[in-house]
Amino acid sequence: MDYLKKLNPNQLAAAQWDAGPLLVLAGPGSGKTATLTARVARLVEQSRDESFRILCLTFTRRAAAEMRERLLKLVPDAKDRVLLTTFHSFATDILRQHGSHFGLSPDFEILEESERVGIIKSVLAEKADELTKFVSAEKALTAVDFLLRNVTPDAQVPTLLKDVEAGQQLQVLFARYKELLKQQNCLDYGAILYFCEELLRDRPRVGKQLRTVYRFVCVDEFQDTNVAQYRMLRALAPDKD
């Protein structure tokens with residue numbers, strides 16, 4: 001494990017940590033990703049006779065590829081023991097396996113932006129007499145994205161706006177948009193995280209199954225997680241199983 005010798009004392013302490021959750025706080029360029037990579041490499045090397053896997057999540061495919069390249073340079077045989085992927089890719093895989101619990105087929109499609117706008121327009125047209133507060137489909141979609149990103153329950157939507165009528169209309173739009181996604185067997189990127197969090201929360205056995213496979217969950221740039229990503233992580237790694 002010569003790579004551990006390249007770490008400073010604080011980085012080494014983090015890379016060797018085994019006593020529960022750990023959050024590394026440091027500025028840009030201080031070696032957080034290198035420390036995380038070293039920790040994952042150490043976990044792999046020290047458990048060669050075990051079958052558990054390690055889950056590493058990041059935000060972009062480029063970041064995942066770079067971290068994967070770093071890891072395989074340290075431990076060439078880590079490929080079969082580590083899943084290094086993005087939040088969206090991991091959530092998509094979970095929904096393809098378990099999305100049938102709320103009506104999704106494994107072959108669901110991921111929508112382009114124009115297709116998302118099209119669904120919003122169809123809702124506004126379908127409920128034209130009821131949804132009078134929306135000036136454009138694009139602005140309506142921005143509001144829906146906010147609700148998805150913050151995992152907002154339908155019942156809480158009206159409380160977010162001072163205009164009670166506008167809040168009630170947004171609630172109707174949000175519920176109908178999600179309903180159409182399921183009916184048409186398609187998701188957008190916000191809905192992927194939203195529904196994955198919902199699945200893990202409502203079906204704790206799925207999370208328990210994932211924890212038997214992935215004993216360690218590591219997140220690069222954790223400070224950048226949004227509400228949906230954070231709550232997905234909490235469902236994957238609760239305080240108590």
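## The cavity and its strands

Visitor: By class, what does the lining of the largest cavity have?

Guide: The lining of that cavity has six nonpolar residues, one charged residue and no polar ones, where nonpolar covers Ala, Val, Leu, Ile, Met, Phe, Trp, Tyr, Cys and Pro, charged covers Asp, Glu, Lys and Arg, and polar is the rest, Gly among them. This is a predicted model, in which local features need pLDDT of at least 70 and side-chain atom pairs pLDDT 80 or more, while totals for chains, interfaces and linings use all residues. Residues are numbered from 1 along each chain as its sequence is written, and side-chain values use heavy atoms, without hydrogens and water.

Visitor: Which residues line the largest cavity, then?

Guide: Its lining consists of Leu55, Phe90, Leu210, Arg211, Tyr214, Val217 and Leu236, each with an atom within 4 Å of a cavity point, meaning a 1 Å grid point where a 1.4 Å probe fits but cannot get out. Two elements, α9 (204-213) and β5 (214-219), each give two or more residues to this lining.

Visitor: How much space lies in the largest cavity?

Guide: The largest cavity holds about 40 Å³, taken as the space filled by probe spheres on the points, and a search of the whole structure finds one cavity of 30 Å³ or more.

Visitor: Changing topic, what does Leu55 stand opposite in β5?

Guide: Leu55 stands opposite Val217 in β5, and both Leu55 and Val217 belong to the cavity lining. On the β2 side, the bridge partner of Leu55 is Leu83.

Visitor: And which residue in β5 is the bridge partner of Cys56?

Guide: The partner of Cys56 in that strand is Cys218. The strands β1 and β5 run parallel and are joined by five bridges, and five bridges also join β1 to the parallel strand β2 (residues 82-86).

Visitor: What order do the strands of the open sheet have?

Guide: The three strands of this open sheet come in the order β2-β1-β5, with parallel pairing, where a pair needs at least two DSSP bridges and a strand is a DSSP E run of at least two residues. The edge strands are β2 and β5, since each pairs on one side only.

Visitor: Why is strand β1 largely enclosed?

Guide: Five of the six residues of β1 (residues 53-58) are buried, so this strand is largely enclosed by the rest of the structure, with buried meaning under 20% relative accessible area for a 1.4 Å probe and protein chains only.

Technical notes: On a 1 Å grid over the protein atoms alone, a cavity is a set of points where a 1.4 Å probe fits but cannot get out, and a pocket is an open set with protein on both sides within 12 Å along at least five of seven lines; lining residues have an atom within 4 Å of a point. Helices (H or I, at least four residues) and strands (E, at least two) are DSSP runs, numbered from the N terminus. Buried means under 20% relative accessible area, exposed over 50%, partly exposed in between (1.4 Å probe, protein chains only).
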